Amino acid sequence: PGAGAPLPAPRGGPPPASQQSRLTSAEAQATPTGASPTPSAAVSSTDSLPPMSDAEYEAAREKVLGYFFEDKDVGEAVRAMNTWGGFALRIPAFVEQLVLEGFEKRQMDWASAGALIRGMPSGAGGPAPAHALLAGVRRVLNNLEDHLCDLPKADQHLAAVVAGPIADGHVTFAGLADAVRAAGPEDDEGGCQAGHVVREGFALPFLCRVLHAVADVAGAPRAAAVFAASAVALADFLGEMEAEQDGAANGILDQHDLRHLLSPLVTTLEKLAEALGTAVATKGVPDAPALATWLEANVGESTRKSVEYVREIAAAALKRSIPSPANTPTATPNAALAALMPLLRAAVSGPGAAMRPARETAMLFAAQRFCHDARHPPGLLTRIFRDLYNGDVLDEPAMQRWRDDTSDQTPGKTKASYDVTEYLVELEAEAEEGDAEAEA
């Protein structure tokens, strides 16, 4: 959309807010399998606020979207939505209207639209329960056949919009699959032709596009993880004509280019373990720059940009450089770990600058897990943090993000925080002193 201009109402889009702004009773009651991964995903921050009128809501929606597509500030947009009384009931229509306006406009900034939806789940501090987001996606899916006739990339754009919440775990791939399975256009009696999208062969390509979109925003290992956790059988979504073809189910991964996507770390980790052991070793010290170069040349970009990749690299490096955690001196830098700093710096730098902060915290959570598994030898995590900082792998803000992150489920955070508290205070003091000198 044009800078600062509110999105126009689409021709043939959703009815006015007074007719279609509310979550239907069926949508409100139907929470697909896995649609609420955390308790917070089932409620909205707007539930306790006085409900807005339709006119108030529409004015606020146009204003916020107008500003958002100009400045791309997701946080500001979500903060505004959190003040919209009764917005939880309007979220399905909001999602549908946003997507359909994009289909109609043809100039939609789909990356920004996806970023906005990614910031909306309740689990991310936004106003949207997971089931409401899925209800909005299903509204679009109901008429996917018509949308594809008008815009051949309609399913690709919709996949990009829903990928963020799935990548972040606020909406599950299983929940989306349930919504796809139930989708269909309205029948002659005003009901839904459930299963139409599957029968006509539109469901499987869409689900595969979603997995690719998850890989685009969070890396191939994340796509593999959400797919594995879903237990979704893609063959169940073959259209009626495709299902009649011999070997159709066995050819899904190759036909939709998913085979490499769903097992991205296997060969990487095998090569990494080999290289850290003997293959690239010189006098027992791995040639970290050579290994980093090999990984860059032989591991796909979608894998290297992911936090899962960084965690695995860090875990392998720590295991190689600290074989006996309980007996490792902590008063001086670890020379074996220092030799691997080029590998760790390359892993954190990775492709996709926007994901670097997440990769940095992933490195620290990997160190936390390593020390947890070693029963937290006193001072070891502080030593690792110091060495990573002095080796220019990451900086003090990264450690602050690690300290403040309460969503990660890596075990051992309490003991880890206690171990590194003095060091983090020391870094903060140094940072404040540097700021004061810069201002003087």
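Me: Which helix does A215 lie in?
Reply: This is a predicted model. A215 lies in helix 12, residues 203-218.

Me: Is A215 buried or exposed?
Reply: Buried. Its relative accessibility is 3%, and the cut-off for buried is under 20%.

Me: What does A215 touch, leaving out residues up to four places away in sequence?
Reply: A220, A223, L261, S302 and K305.

Me: And how far apart are A215 and S306?
Reply: In sequence, 91 residues. In space, 8.6 Å from C-alpha to C-alpha.

Me: Which other residues of helix 12 are buried?
Reply: Besides A215, the buried set holds A203, L204, F206, L207, C208, V210, L211, A213, V214 and A218.

Me: What span should helix 12 have, and what does the model give?
Reply: Its 16 residues should span 22 Å, at 1.5 Å a residue. The end C-alpha atoms are 23 Å apart, so the two agree.

Me: What follows helix 12?
Reply: G219 does. Its phi is positive, near 100 degrees.

Me: Switching topic. How do helix 3 and helix 6 cross?
Reply: Helix 3 covers residues 54-71 and helix 6 covers residues 110-118. Their axes come within 10 Å and cross at roughly 120 degrees. The two helices are therefore oblique to each other.

Me: Left-handed or right-handed?
Reply: The crossing of helix 3 and helix 6 is right-handed.

Me: Which residues meet there?
Reply: From helix 3, L65, F68 and F69. From helix 6, S112, A113 and L116.

Me: How do the residues of that contact divide into nonpolar, polar and charged?
Reply: Five are nonpolar, one is polar and none is charged.

Technical notes. Residues are numbered from 1 along each chain as its sequence is written. This is a predicted model: local features need pLDDT of at least 70, side-chain atom pairs count only at pLDDT 80 or more; totals for chains, interfaces and linings use all residues. Side-chain values use heavy atoms; hydrogens and water are left out. Axes are lines fitted to C-alpha atoms, for helices over the stretch in contact, and angles run from 0 to 180 degrees between N-to-C directions. Helices (H or I, at least four residues) and strands (E, at least two) are DSSP runs, numbered from the N terminus. Angles under 35 degrees count as roughly parallel, over 145 as roughly antiparallel, 65 to 115 as roughly perpendicular and the rest as oblique. A crossing is left-handed if the near helix is turned anticlockwise from the far one by less than a right angle, and right-handed if clockwise. Contact means heavy atoms within 4.5 Å. Ala, Val, Leu, Ile, Met, Phe, Trp, Tyr, Cys and Pro count as nonpolar, Asp, Glu, Lys and Arg as charged, and the others, Gly among them, as polar. Buried means under 20% relative accessible area, exposed over 50%, partly exposed in between (1.4 Å probe, protein chains only). The expected span of a helix is 1.5 Å times one less than its number of residues.
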